[in-house]
Amino acid sequence: MWIFTDRPERDYDNYIRDLQRRIERHPKCICCGENIPHDHAFRIGDDLVCEDCIDEYLIENCMEHLDDDE
Ligand SMILES: [Zn+2]
């Protein structure tokens, strides 16, 4: 929660800081190691994967499977 002032650039700074504080409390994505910026993530076993990494994560797992069959 922040108060809007007559200085938009200060309002923007406060908004960004507030957003960052909130994101820092989110769990970390096991792929990129960043705090998950969304309200939800994908749980794979004990892993949490953010929306941005889920495609890559699933593709990597598929490739590992293919390697096992050789
Ligand atoms: Zn990620």
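Let's start with the core. The largest nonpolar core has six residues: Cys 29, Ile 36, Ala 41, Val 49, Cys 50 and Cys 53. By nonpolar core I mean a set of buried Ala, Val, Leu, Ile, Met, Phe, Trp, Tyr and Cys residues joined through C-beta atoms within 7 Å. Buried means 20 or more other C-beta atoms within 10 Å of a residue's own; exposed means 12 or fewer; partly exposed is in between; C-beta atoms are placed from the backbone.

Two notes on the source. Residues are numbered from 1 along each chain as its sequence is written. This is a predicted model, where local features need pLDDT of at least 70, side-chain atom pairs count only at pLDDT 80 or more, and totals for chains, interfaces and linings use all residues.

Now confidence. pLDDT is the predictor's confidence in each residue, from 0 to 100. The chain averages 86, and 84% of the residues score at least 70. Strand 2, residues 47–49, is highest at 93. Helix 2 is lowest, at a mean of 77. Where pLDDT is low, the predicted coordinates should not be read in detail.

Next, the layout. The chain has two helices and two strands. Their order from the N terminus is α-β-β-α. These are DSSP runs, numbered from the N terminus: helices are H or I with at least four residues, strands E with at least two. Of the 70 residues, 9% count as buried.

Helix 1 has 17 residues. Its first and last C-alpha atoms are 24 Å apart, close to the expected 24 Å, which is 1.5 Å times one less than the number of residues.

Leaving out residues up to four places away in sequence, Cys 50 touches Cys 29, Cys 32, Ile 36, His 38 and Ala 41. Contact means C-beta atoms, placed from the backbone, within 7 Å.

Tyr 57 sits in helix 2, residues 51–69. Tyr 57 is partly exposed because 19 other C-beta atoms lie within 10 Å. Cys 31 is 26 residues away in sequence, yet 7.2 Å away, C-alpha to C-alpha.

Last, His 40. It lies in the loop between helix 1 (8–24) and strand 1 (42–44). Why is His 40 exposed? Because it has 9 other C-beta atoms within 10 Å. His 40 and Glu 51 are eleven residues apart in sequence and 8.1 Å apart in space, C-alpha to C-alpha.

Note on methods: Two residues are in contact if their C-beta atoms, placed from the backbone, lie within 7 Å.
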